[in-house]
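Dear colleague,

Please find below the structure that I would like to hand over to you. My notes on it follow.

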Amino acid sequence: MASADVTVAGPDFRTSTKEVDNATPEPGGVIEYRLRVINSGNAPARVVTVDDSLPPCAEYVPGSLQIDGVPKTDAWGDDQAEFLPAAPPLPPRVRFQRQALGVGESSLLTFRVRAVCMAGTVINNSAMVYS
């Protein structure tokens with residue numbers, strides 16, 4: 001019997017990480033989210049898109065979007081990041097687009113929110129990374 005193995009080539013973002021600078025904010029306190037997007041695949045990504053929906057009791061801090069330490073505007077279509085207000089059924093969210101992330105390369109995406117909930121509330125946040 002003959003057989004053949006094939007390895008599918010493509011970017012892989014499963015080793016990407018997300019951290020916060022303030023895990024226990026007081027009501028009204030600011031939280032900075034830091035998402036390190038890592039291409040651990042076996043092929044470069046031509047375009048990487050990150051959609052990060054804001055949780056119900058987190059309010060976006062205007063002007064806080066950054067890619068690799070470079071500030072970006074909140075406006076749609078003028079650079080590689082944007083804040084998108086709620087458009088039911090979609091919640092408010094931030095979106096980043098990064099061009100050409102090679103194998104083994106990473107990019108740091110950051111933004112801030114204000115905790116607008118009562119003490120003791122758990123704020124859960126996750127992002128979708130795709131290419």
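**Aromatic residues**

F83 counts as partly exposed, at 22% relative accessibility; here buried means under 20% relative accessible area, exposed over 50%, and partly exposed in between, with a 1.4 Å probe and protein chains only. Please note that this is a predicted model, in which local features need pLDDT of at least 70 and side-chain atom pairs count only at pLDDT 80 or more, whereas totals for chains, interfaces and linings use all residues. Residues are numbered from 1 along each chain as its sequence is written, and side-chain values use heavy atoms, with hydrogens and water left out.

The count of aromatic pairs comes to three. The rule takes rings of Phe, Tyr and Trp (its six-membered ring) as paired if their centres lie within 6.5 Å; planes under 30 degrees apart count as stacked, over 60 as edge-to-face and the rest as tilted. One of these pairs is formed by Y60 and F83, which are stacked at 4.5 Å centre to centre with 5 degrees between the planes. This pair links distant parts of the chain, since Y60 belongs to strand β4 (residues 58-60) and F83 to strand β7, 23 residues apart. Strands (E, at least two residues) and helices (H or I, at least four) are DSSP runs, numbered from the N terminus. Y60 has a relative accessible area of 8% and is therefore buried.

F96 and F111 form a tilted pair, with 6.5 Å centre to centre and 40 degrees between the planes. Here too distant parts of the chain are linked: F96 is in strand β8 and F111 in strand β9 (residues 106-115), 15 residues apart. F96 is buried, with a relative accessible area of 2%, and F111 counts as buried at 2% relative accessibility. Ring pairs join Y33, F96 and F111 into a cluster. K18 lies over the face of Y33, at 4.8 Å from the ring centre; the criterion is that NZ of Lys or CZ of Arg is within 6 Å of the ring centre and within 35 degrees of the ring normal.

**Overall layout**

The chain has ten strands and zero helices. Its C-alpha trace spans about 65 × 35 × 30 Å along the principal axes. Of its 131 residues, 34% count as buried. Among contacts between residues at least 6 apart in sequence, 69% join residues at least 24 apart, where contact means heavy atoms within 4.5 Å.

**Strand pairing**

Two strands pair if DSSP finds at least two bridges between them. β7 and strand β8 (residues 93-101) run antiparallel and are joined by four bridges. F83 stands opposite V94 in β8.

Strand β9 has several pairings. Strand β2 (residues 30-38) pairs with β9 in the antiparallel sense over nine bridges, and S107 in β9 is the bridge partner of V37. β4 also runs antiparallel to β9, with three bridges between them; A58 has A115 in β9 as its bridge partner. Strand β5 (residues 66-67) is paired with β9 in the antiparallel sense over two bridges, and I67 has its bridge partner at L109 in β9.

Which residue does the side chain of D52 meet in a polar contact? The partner is the side chain of N125, at 2.8 Å. A polar contact is a pair of N or O atoms within 3.5 Å; within protein, one must be able to donate a hydrogen and the other to accept it, and residues adjacent in sequence count only if both atoms are side-chain atoms. D52 is found in strand β3 (residues 45-53) and is buried, with a relative accessible area of 1%. Not counting residues up to four places away in sequence, D52 touches K18, P92, R93, V94, F111, N125, S126 and A127.

D51 also lies in strand β3. With a relative accessible area of 14%, D51 is buried. Its side chain makes a polar contact with the side chain of Y130 at 2.7 Å. Leaving aside neighbours within four places in sequence, D51 is in contact with V94, R95, A127, M128 and Y130.

With kind regards
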